[in-house]
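Let's take a friendly walk through this model, from its surface to one of its cavities. Please have the sequence and the 3D view ready.

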Amino acid sequence: MTKVIYDCEALLRTISTFPLIDNHCHNLLTSDASLICPLETCFSEARGDALKDASQTIALKRGVQQLAKLYNCPPTFDDIKQVRDLMSYIDICKTCFKPIGIQSLLLDDGLDTLDGLMDVQSHVEFVDIAQRIVRIESIAEKILCDLATSVARSDQKVVNFAEFEEPLKKQLETYAKSESVVAFKSIVAYKSGLNIDHIPNAEAAAVALGSFISNFEPPFDQKGFGDPDLDLIASNPLLLRPLIEKYPNAKFVLLHAAYPCSRQAGYLASVYSNVYVDMGFVFPWISASGQQTNLHGHYLPESFYVAAIQGREALSKVLLEFVESGEFSYEEAIKVAKQIMFENSNRLYKLKLTPKQIDNEEYKDVSGKQNIVKLKKMGVKFVRIGIVECSNQYRFHIVPIDRFQSYIAISGLTIARCITALPFYGDVIPGNVGVDATGEILLKPDLSTLIQLPYSPKHANVHAFFENKFTPVDPQFGKIDNSPNSLAFNLCPRTCLQNIVDSACKDLSITFLIGTEFEFVLLKDITPPVGVDDTTYSLASSFRTSNNAEILDRIVESLQEQGIEVEQFHSESAPGQFEIVTAPESPLIAADKVVVTRQTIYDVAARAGVRATFVPKPFKNQDNPASLSNEERIKQGVTERMPESLLDTLKALNEDKVLIDALGEPMIRCYTGVKEVKYIINILTKFWVYPFSKSEHNLENNFTRNIDFEKNYDGSLFVT
């Protein structure tokens, strides 16, 4: 199960971060031309009054949600337009292209209904490489227009077909030799149909040319190529079979997934090595359910953005379904994803590009959203939104999964701000801790951590970040933006940990891997505490006692099903004590998995009728070197007495020659002077979560309280 989870994430990461080649798109408009192009054209081919109805289409409504996220504004078309109006056109283009990972654009510049296209090379400002696809009809159209105009202005009565054929051949040969041109395109499918007579008929062609010349009336409308004249029966790609078979060395790319004849196009691509299917134009023009088929950007940069986002999402969904149905392995799905997004076009058009991975965490959101749907199918009814707060206690709120899917996963769960500062000994708010009974924060689920609980299959668990939610009573209300730094609540443990890790990597080039050993005791009675066995370290007999093996097996299996890799487990020295060792992870993932592991041990043990505890030494007068209490560690390694307060501890350390020799006098002085200690605590609290009081007395009491708490609390104290 562990490998399945990791492979699923690897697939989604690949789809989200592997670069794209948009193998058939159209030029962006110039800045001036963009002013007369409605934004609605990104989602509809309608024109004039009909374009007003585009606002009611599923395609546009879905696109609005995605563009609102890009522009960080409310999800309405008017709000998106207002944001765009405040930006320069070049900035809009850069904003749209930066996050989507398009490495190369192959541009058909034959679509110019607004008389204002950027030239091909201007697109290099937004992508690495831009090259041209030449539309054959555009060349033929220009030659025909020039020829007809010439005839009309002369006394010429007879037109030789060679007067059209020779210039056309010459121009096509010139383009074929150009390094900037990668392919030719024809729109024959929706002009005359695909039932093409592949045997040249010079006489019929000459008659057609003569008819055109005789009926020509300038000016010739070069903008008449459109979709309303499409004959669906004549555009079936199966009609191309004779042509495909006659020219086996020519590469045929069926554009726009040959929609709505996508199945027929897929058949041709499967049986002919020279046939390919382009999956563009369905994004973002049809609904999500109809897209299950890459890109087709045109005119405005938003069309490229939405098409890329929706293309990746649809590919994720389809390939995951193939894997879950057993048709693909994860390795095969990853290979297919790379081929569709980049490798096939790179090879077909001989681009010779090296893929440049992009920095994109969106796959986690995509994975999470898809995972919600999957969990519902697996019978999950409720989601636990969990946090670890300042006193190192794990708390969670439970919501029905439908509510979680429709609202909480996107907008978060509102809780009282003071919950982050509740002490271990009761639901009270200590004084002078920086928060009071007023104010709210949001718990924003980290969907990458969403997982079904195997020992409680109707429940799933997800970790959360704390985010600010300022109300009118807060001084900050209305004064901050929606940037991540402004949204982050400064007492969020997960955010603080990630900030420390990021800072260490950026400033010091230090990265971390953290592995964990979990030592716990299983008790069959707690008054007084009685272990489930009386064996010692790593003895085989500990797994013959009672149902120890069954409990440990279930714990380990549950951990594996939640994506936690267990390296080994065995009995420990104390009665009923066991150890589980998990694989190293990056710090935030490791911390999350510590929480999950401890809860799994607690819950599985409880379901087996025993009590699990992480108290270092639950038994009196029991020698247990593997689980020394704080008193014993200090006795054996530092001093002969247990200090009663932080300041006594510091004094004891100051008098201990072992530590002085090991750490050096400067370090000891730093940790033992009261002013220095307060300074260090202030530094730490910038990153960590416990709101220590500034007064010496409360600072001392906070530490003393934690030491006392360890005697009664079923958890280990995290020292930071």
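Which residues make a nonpolar surface patch of about 340 Å²? Leu 508, Ile 510, Phe 512 and Ile 514 make this patch.

## About the model

This is a predicted model, in which local features need pLDDT of at least 70 and side-chain atom pairs count only at pLDDT 80 or more, while totals for chains, interfaces and linings use all residues. Residues are numbered from 1 along each chain as its sequence is written, and side-chain values use heavy atoms, with hydrogens and water left out.

## The chain

The chain has 25 helices and 17 strands (DSSP runs, with at least four residues of H or I for a helix and at least two of E for a strand, numbered from the N terminus). Of its 720 residues, 46% count as buried (under 20% relative accessible area, with exposed over 50% and partly exposed in between, for a 1.4 Å probe and protein chains only).

## Ile 510

Look for Ile 510 in the loop between helix H17 (493-508) and E13. Ile 510 counts as partly exposed because its relative accessibility is 34%.

## The second largest cavity

Strand E13 (514-526), strand E16 (577-585) and helix H19 (587-607) each supply at least two residues of the lining of this cavity. Ile 514, Thr 516 and Phe 518 are among the lining residues, as are Glu 585 and Lys 593. The lining divides into six nonpolar, two polar and two charged residues (Ala, Val, Leu, Ile, Met, Phe, Trp, Tyr, Cys and Pro count as nonpolar, Asp, Glu, Lys and Arg as charged, and the others, Gly among them, as polar).

Key. 1 Å grid on protein atoms, 1.4 Å probe; cavity = no way out; pocket = protein on both sides within 12 Å on 5 of 7 lines; lining within 4 Å. Patch = residues over 30% accessible without salt bridge, like charges linked within 9 Å, V, L, I, M, F, W, Y side chains within 5 Å. Areas by Shrake-Rupley, 256 points an atom, 1.4 Å probe, with all protein chains shown as cover. Salt bridge = Lys/Arg side-chain N within 4 Å of Asp/Glu carboxyl O.
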